[in-house]
Amino acid sequence: MKLYVCWGTYREPFHQHPCRVAHRALLAAGHEPELVKVRGLGVGPRFLQWTTKGRREVEGLSGRRVVPMLVTSEGEVIAESVPIVEWARANHVASAGGPSR
């Protein structure tokens, strides 16, 4: 399981960063995703976007450069924090089975 994030999963003082929200939801559900930091800028007009290898990888998987993006162990691609949080709540890991990767 991989969670693609922009710069990290740090706390911001004035709002909940979407990458942090997605990461915390996965951890709360018992998952331990591999974090992939893609850096760059994936929003706004394409000619203004700072494209990195990570952003190109995200675009190849989802057709978009926006993160957070989750790739489950089964290969399902889930983009944006709200759908990732919903997926985490619906796919809680049983403590006996251990976290998924």
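Glutamate 80 is partly exposed, at a relative accessible area of 33% (buried is under 20%, exposed over 50%, partly exposed in between, with a 1.4 Å probe and protein chains only). This residue sits in the loop between β4 and α3, and its phi is near 80 degrees, a positive value in a residue other than glycine. Helices (H or I, at least four residues) and strands (E, at least two) are DSSP runs, numbered from the N terminus.

All this comes from a predicted model, where local features need pLDDT of at least 70 and side-chain atom pairs count only at pLDDT 80 or more, while totals for chains, interfaces and linings use all residues. Residues are numbered from 1 along each chain as its sequence is written, and side-chain values use heavy atoms, leaving out hydrogens and water.

Now to the sheet. It is open, with 4 strands in the order β2-β1-β3-β4 and mixed pairing; two strands pair if DSSP finds at least two bridges between them. At the edges are β2 (34-37) and β4 (77-79), each pairing on one side only. From one strand to the next, the twist averages 20 degrees. Strand β1 (residues 2-5) runs parallel to β2, joined by 4 bridges; lysine 2, for one, has glutamate 34 of β2 as its bridge partner.

Helix α2 (residues 53-62) runs at about 65 degrees to β3 (69-71), and helix α3 (residues 81-90) at about 130 degrees to β4. Axes are lines fitted to C-alpha atoms, for helices over the stretch in contact, with angles from 0 to 180 degrees between N-to-C directions.

Definitions and conventions: Contact = heavy atoms within 4.5 Å.
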